[in-house]
Amino acid sequence: MRKTTLSVAAVAAVSLLAACGGGETEPAETTEDTAAAEESAAPEASGNLVIWSDEERAEAIETAAETFTAETGAEVEVVTKNFEDIRADFLAQVPTGEGPDLTIGAHDWLGSLIVNGVVDTVDLGATVDEFEDVAIEAMTYDGQLYGLPYAQETVALIRNTELAPDPVPATWDEMIAAGEETGADLPFVINTAGADGDAYTYYAFQTSFGAPVFEQNADGSYTTEIGMGGDGGYAYAEWLAENGQGGEGLLSTDWTYDIANQEFADGNAPYTVAGPWAIPTYTDAGIDVAVEPVPAAGDETAAPFVGVQGFYLSAQSENKLLATSFLTNYMATPEAMQAMYDADPRIPALTATAEAVAEDPIVAGFLAASQNGAPMPSIPEMGDVWDHWNAAEAALIAGDAEPEAAWDKMLADLDATLNG
Amino acid sequence: MSTDTTAAPVRDSHARAWEGTGWGFAVKLVLMAAVNAIGLYVAWSAWDVDQWGVLVASLALVVVADVVYFSRRRIAGKYLYPGLVFLLLFQVFTMAYTLYVATTNYGTGHNSTQEQAVEALLIQNERPVDGAPTYPLTIVRDGEDLGFAVVDDSGQVLVGTADEPLAPADDAVVDGQVVTSLDGFEAVDLPTLLADPALQEDVLELRVPTSDDADSGSYRTREGTRATVYASSLDWDPEAGTMTDTTTGTVYTADGETGQFVAEDGSTLPVGWRVGVGFDNFTKAFTDDDYSGPFWKITAWTFAFAFLSVGLSFLLGLAIALLFDDKRLRGRAVMRTLFILPYAFPVFLSALLWRGMLNSNPDYGIINSLFFFGQRIEWLTDPFLAKVAIIGVNLWLTFPYFFLVCTGAKQSLPSELSEAARIDGAGPWRHFRAIQLPLLLISTTPLLISSFAFTFNNFVIVYMLTGGGPRFTDTSAPLGHTDILITMIYQISGVQGGSADYGLASALSILVFLVVGGISAVAFRRTRKLEEVL
């Protein structure tokens, strides 16, 4: 008996070891297999596009795809996935041939998609001029456009109009003074992601000291040179410590995303910095809000990060012409962009659509804030910056560290991570 | 597995009966038909997508299944086959694949094959020429030969192929911006193009030179209706395995050791490919300064965390189990149910709740405001307290398990033993030490070991509660005081963003597996000794 069992195991083991060379993610194959099977069964039929999307936007894409299918006869299959999973899955599955033709994605993935060789360029032709500059800039890498931008988002200053009826002051100090006058518990509240630190939400304050995360070229593209060193960086570090728990107590690492939102929604703070995603939390709590650009803490314009969402074309797609045609002729249209906005309200990247939806004062506020902003760097190095950067800011706000020493330590760590 | 299965059965089972009702046999036939159908379907799908490994594996599994279940012998095989298949698919395959990845440099910048890296580099370095015109395009063909027909700004039609630069074609008929007929060529309309994947590929690959000068770029199209001038700045020579930058003249040579294109001055092209690196990843964890320091600290803390968590929750669970076993206690049923509650919540949810409750600001953190008189205690940011918090929360989460297990085990102890002990004059402590505990340990030790293995890799609690923080201040690696080995591997693998190093992460996983496996093996061996008490 034992011999039989062993031989069964041996045969199966050998065959499976042979399988190691093949596909690595079995479950994802099912849909692909079916698609491939259909294709081979009817070779005369045109190719099918596979698009990855998250659930919110899948329907809007399907609507745009209907026109496309009617006019070209090509079927579009929208596969819904968790947005957080798309990046890693796209990186892993495109090389195996299991990836989609197109995927929705964030522009800051671009750097890693490029060095991993999984993304193709897109040529929008003259249509490029119809998009917001910052959106095209964000999807551009080394002079090449790598995707169709469709939406942008940024953080802005949110004001409780009941507590603070006047438009937002231009500087941090004036805002804090105005905030203290309202008599609310806190003059200002902001998400610090608890003890982890949140350099993303704080970034507008940092740039107002002239300390961008990476140095920018004249055309707005980022170099791999860290821009946070020097006097601007130290001034910002100083500012964090002064206003943190060891100083004025205006900033705190006790505030997580939920706590910051709750304080604002409870009417305990007249001002906060947050993105459009937080607005429903406030309005549902009965707070009337106004949205304006973030006030400057230093001498320069407070430029928050602008994140851009778009469609990427797989470098291994077998239907590139069809996919590009879908993007440039069917997605880059006001109708499709409006449908995407209706499905998931993010500020459209297509200028005409953005202006159309800017009748809503909240959208107009975020649009104005994004026009002050700079795209989040999409270079691969960006992904390695967060950990050190967040931690340094959290330590400074908590009052655990000397500003200059902590900032220098962060710069040294970044140097080791990026160049080591 | 008994040894006497070779003895001839007195009567065939229902599953073999050809006569009588034969229901068993019918069910078996249906089931086996389904198994065969699924196996063949998988094999066929694999054939379609050229996955030969999957094809061979699924066919082999089907054949083995048929042999095992239709043979009169191989009784043990009939029971073991399903389990073995799952073992192979979910354990052996995963382990073998992890081992394979551990010996490569798979990670950011080394994501795929050299062929795909070359493709990607060529894509990235073929750019539209600044200021060059974009013209409306019609695809034309002459038999197998494809060409571009464009209408320039003056309305003049130009035609060209891969060999012939664009040249005026005076006899063309134009409808709007679309060329409808042309001497020597057949115009391909858009619907025909979009319905023909093979043609699309040829069209995408077609480059029509702008002039006889090869360096001035060539027309290409991306979506079939517009042609733009592109120029490539990288030249791939497959024979020599070199990439030449045509603007600077730098020659990059494919380096099979590192999986990158390297120039003489050491500069590299951004896209590399996956190559084998032997055991480099295994040594890196111990030798690389950024990792070796934290690695030992994290290993020590992982052991401390696993032993303390399991030990404390076992003791607490046991204590409560013994307490609630006392029949004089009232409301035992209700209390027991309440104790099980923490166990009933999903761990990630409880961990997130605890994270909120442990907020150091007493206005937000209920722990500090209720139990510590509103003092500010840095539960999650002080290195020592963060460890205490993790062990504490894990204790809260896991003691109900041991409470349940110990209650069950205690109730199954024969009561004669307790009576005998009492008659022999043993006090309660003596009774517990000499009789109850050894007997309880026999049944709970395997569970203690599996708990240990689980806690050793308890990613969720660390990730959700502290995220590994507070961070080490003496290293540049993004690791912290409460990181355990598995969260360290997660950080290094870079799936959450940042640069990934799957090779190193796989190597570390294997080391962790060896540690857990080794400890479990030793512990199980000792369990057998415990059984000799009886």
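Student: How many residues of domain 1 of chain A are in contact with domain 2 of chain A?

Tutor: First, this is a predicted model, where local features need pLDDT of at least 70, side-chain atom pairs count only at pLDDT 80 or more, and totals for chains, interfaces and linings use all residues. Residues are numbered from 1 along each chain as its sequence is written, while chains are lettered from A and ligands numbered from 1 in the order in which they are written. Two residues are in contact if their C-beta atoms, placed from the backbone, lie within 7 Å. Here, 16 residues of domain 1 of chain A meet 18 residues of domain 2 of chain A.

Student: Which side-chain classes make up the domain 1 side of chain A that touches domain 2 of chain A?

Tutor: Ala, Val, Leu, Ile, Met, Phe, Trp, Tyr, Cys and Pro count as nonpolar, Asp, Glu, Lys and Arg as charged, and the others, Gly among them, as polar. That side of domain 1 of chain A has six nonpolar, six polar and four charged residues.

Student: Where do the domains of chain A run, and how far apart are their C-alpha centres?

Tutor: Bounds come from an automatic or database domain assignment. Domain 1 of chain A covers 46-153 + 307-375, and domain 2 of chain A covers 156-303 + 380-419. Their C-alpha centres lie 29 Å apart.

Student: What does A:Leu49 touch?

Tutor: Not counting residues up to four places away in sequence, the contacts of A:Leu49 include A:Ala74, A:Val76, A:Leu102 and A:Phe326.
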